[in-house]
Amino acid sequence: SRGTGGSRRSEGGCVVRHPLTVLKFGGSVLRAESDLDEGVQEAYRWVRSGSRVVVVVSAFEGTTDALLRKARSYDRETQDAACALLLATGEFTAASLLSLAFARAGLTATVLGPQAIRLRTRGSGVDADPASVDRAAIDRALEDAAVVIVPGFVGIDGDGQFALLGRGGSDLTALFLAAELSASRCRLIKDVDGLYERDPALPSPTPRRYRTASWESALTLDGGIIQHKAVLLARSRGLAFEVGAFHRADATTVGPRADEYYA
């Protein structure tokens, strides 16, 4: 059966809203089209638990680097507006295909690009910061769809041009939306089951996995795991968020609490 939207009317006619969860799927988990069904399953398990769901999507693995190489093959310096437009196509493609994967599964999902939600930025080019968003546009879409999909990494600058939120900017999109939408939870889905005190792939003693990590501890880690700009935004907004893997209940919670580790 097709998925329903995120609210219903009580007997008295009042609209009852379910909690909102923001998920972010990065290129490390949506590596290619073959991974889209995993994304559908992950998003829909949150819907089945009673949440309204916003999914922020990165480009498929390697796409941004390939597009950047393409841009630089024309102009080593790259014009900011043209480069931002080209790189944004990676996120738009992944978001659109994820929506089609939902439809193939008989579920309802709506794609809202940066223009549709008026995701405005401070600054332009390829390292801007999110400034505002039209919360009502997302709420309206969630009245009719089980899931709203937003391309990460991309916003609109003051001149109406595409602007990018820096490398790893889909993390920033997800945390900014979670803060602006007063989401109950925000989880960044990665190819690891949480944050570790150091890279578990390196030849060294087995690192501990954080159960909770302070914002400050997250900032000491490699910015390739979580964009540091995104962590700084979360800290400035008092926003706790989670880092975990597909289909896992356990995760690392990043926020104001002191560091704790899984046994």
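I began with Phe246, which counts as buried at 15% relative accessibility (buried is under 20% relative accessible area, exposed over 50%, partly exposed in between, with a 1.4 Å probe and protein chains only).

A note on the ground rules: this is a predicted model, where local features need pLDDT of at least 70 and side-chain atom pairs count only at pLDDT 80 or more, while totals for chains, interfaces and linings use all residues. Residues are numbered from 1 along each chain as its sequence is written, and side-chain values use heavy atoms, with hydrogens and water left out.

**Aromatic pairs**

I looked up ring pairs next and found three of them in the structure. Rings of Phe, Tyr and Trp (its six-membered ring) pair if their centres lie within 6.5 Å; planes under 30 degrees apart are stacked, over 60 edge-to-face, and the rest tilted. Phe246 pairs with Phe25: the ring centres are 5.4 Å apart and the planes at 75 degrees, so I noted the pair as edge-to-face. Phe25 sits in strand 3 (residues 20-25) and Phe246 in the loop between strand 13 (241-244) and strand 14 (252-255), so the pair links parts of the chain 221 residues apart. Helices (H or I, at least four residues) and strands (E, at least two) are DSSP runs, numbered from the N terminus. Phe25 is buried too, at 0% relative accessible area.

I then turned to Tyr210 and Tyr261, whose ring centres are 5.0 Å apart with planes at 25 degrees, so this pair is stacked. Tyr210 belongs to strand 12 (residues 210-214) and Tyr261 to strand 15 (residues 260-261), 51 residues apart. Tyr210 is buried at 5%, whereas Tyr261 is partly exposed at 25%.

**Nonpolar cores**

Which residues have the most contacts inside the largest nonpolar core? They are Val54, Ile138, Leu177 and Phe241, in a core of 42 residues. Such a core is a set of buried Ala, Val, Leu, Ile, Met, Phe, Trp, Tyr and Cys residues joined through side-chain atoms within 4.5 Å. Helix 5 gives the most to this core, with seven residues. I checked Leu177: beyond four places in sequence, its contacts (heavy atoms within 4.5 Å) are Val54, Val56, Ile117, Val133, Ile138 and Val150. A second, separate core has 26 residues, among them Ala94, Leu98, Ile149 and Ile189.

I also looked at Val154 in strand 9 (residues 154-156), which is buried at 0%. Leaving aside neighbours within four places, its contacts include Ala88, Phe92, Leu119, Phe162 and Thr173.

The largest pocket came out at about 580 Å³. Of its 27 lining residues, Lys24, Gly27, Ser28, Gly168 and Gly224 are the closest to its centre. On a 1 Å grid over the protein atoms alone, a pocket is an open set of points where a 1.4 Å probe fits, with protein on both sides within 12 Å along at least five of seven lines; lining residues have an atom within 4 Å of a point. Helix 2 (63-74) and helix 5 (169-180) each give two or more residues to the lining of the largest pocket.

The second largest pocket has a volume of about 200 Å³. Its lining includes Val192, Tyr196, Arg198, Pro200 and Ile225. Volumes are the space filled by probe spheres set on the points, which are joined across faces, edges and corners.

**Last look**

Is Tyr74 buried or exposed? I found Tyr74 in helix 2, exposed at 72%.
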